[in-house]
Amino acid sequence: MALTNSQYNELMRRYSRIRFQHQHEMEERLRHIYAQCPRLLEISKLLPTSSAALAKAKITGNKAQALNAQMQIDALRRERGALLSSLHYTLDDLQPKYSCPDCKDTGYLDGNRKCHCFEQAGISLLYEQSGIRDRLERENFNTFDINRYSDAPNPLLGGMSNRAHMQRLKLIYEKYAYQFKDGNPSLLIFGNPGVGKTFLCNCIAKVVLDKGFSVLYMTAPEFFESAMQRFHSNNDDSSENDSYALTCSLLIIDDLGTENLTPFVISQLFHVINSRDLSRKTTIISTNLSPEELQSTYTERISSRLMGQYTPIPVFGEDLRNS
């Protein structure tokens, strides 16, 4: 899993908060138990003393003292067990509890190996930062209903039906998503409103996120509004957000062409497209505009990159939003 420094630091902060929370819960639990039975608090202080005496006796070879210390320890443990049972507690209630017992909520095993929970925590963080976590539960390759597309021949597809075309696209881009790696070809998805462009973007995004890659999804108006806010802000968070848009493994800009077109938007769009292309980062752009409309709407520097460096994906069909 490729995490940025800020993402890794955020995970470590989360682990720290989890440990703090569990420590606080244990302290509150012990306070409650010891208030009910002060003798348990006494035993908790006597046991370490007896254990130290046992260790010292073993080192010095004094068998009588070692036997006496062991008997004291056994007696204290039996008494503790009986008292806990009478209060309907167990020995586990005196111990720390962990969300992940394997790494004890540190994220690491043996100090240097990442725990299995670390990867899951990283994927959860990537989902949160993607901007579409909830939507991906509904819109993914498993819920892709090909039967919503017409099976009537489409002259624009040489007689192939919209359904057959989308079935072909589904298979191609399932493979694209499951084999995703940094440097994958960027995609330009275009077609009429409501034909499933955003759905296809989300299908790809879910698989890529589940593979542990970072994904950022924004509609074009959201993306450029965010860029404008960053432009007028000087705080560190703004710079970090700008960096993430340029460095995440997959950036999805949905509904290009619905933003308020200004010189600033033009410059930002070129900046993002060009920067991500130079760093071999994958971008998916969806739009209701045809290739010809893209060329007439945006500058030649932008349209030439979109048409020349992005894989075009035409999506055909009726407006599915009302079906």
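The crossing of helices α10 and α12 is left-handed, meaning that the near helix is turned anticlockwise from the far one by less than a right angle. Helices here are DSSP runs of H or I with at least four residues, and strands are E runs of at least two, numbered from the N terminus. The model is predicted: local features need pLDDT of at least 70 and side-chain atom pairs pLDDT 80 or more, while totals for chains, interfaces and linings use all residues. Residues are numbered from 1 along each chain as its sequence is written, and side-chain values use heavy atoms, without hydrogens and water.

The axes of α10 and α12 come within 10 Å and cross at roughly 35 degrees. Contact means heavy atoms within 4.5 Å.

| Helix | Range | Residues that meet the other helix |
|---|---|---|
| α10 | residues 263-278 | I266, L269, F270, I273, N274, D277 |
| α12 | residues 300-309 | R301, I302, R305, L306, Q309 |

Six residues of this contact are nonpolar, two polar and three charged.

The largest nonpolar core has 62 residues, and I204 and L256 have the most contacts inside it. Such a core is a set of buried Ala, Val, Leu, Ile, Met, Phe, Trp, Tyr and Cys residues joined through side-chain atoms within 4.5 Å, where buried means under 20% relative accessible area with a 1.4 Å probe, protein chains only. Helix α7 (residues 197-210) gives the most to this core, with eight residues. Beyond its neighbours within four places in sequence, I204 is in contact with F141, Y173, Y176, A177, L187, L250 and I284. Another core, of 10 residues, lies apart and includes Y15, C103, Y108 and F118.

Overall, the chain has 12 helices and seven strands, and 42% of its 323 residues count as buried.

Methods:
Buried means under 20% relative accessible area, exposed over 50%, partly exposed in between (1.4 Å probe, protein chains only). Axes are lines fitted to C-alpha atoms, for helices over the stretch in contact, and angles run from 0 to 180 degrees between N-to-C directions. Ala, Val, Leu, Ile, Met, Phe, Trp, Tyr, Cys and Pro count as nonpolar, Asp, Glu, Lys and Arg as charged, and the others, Gly among them, as polar.
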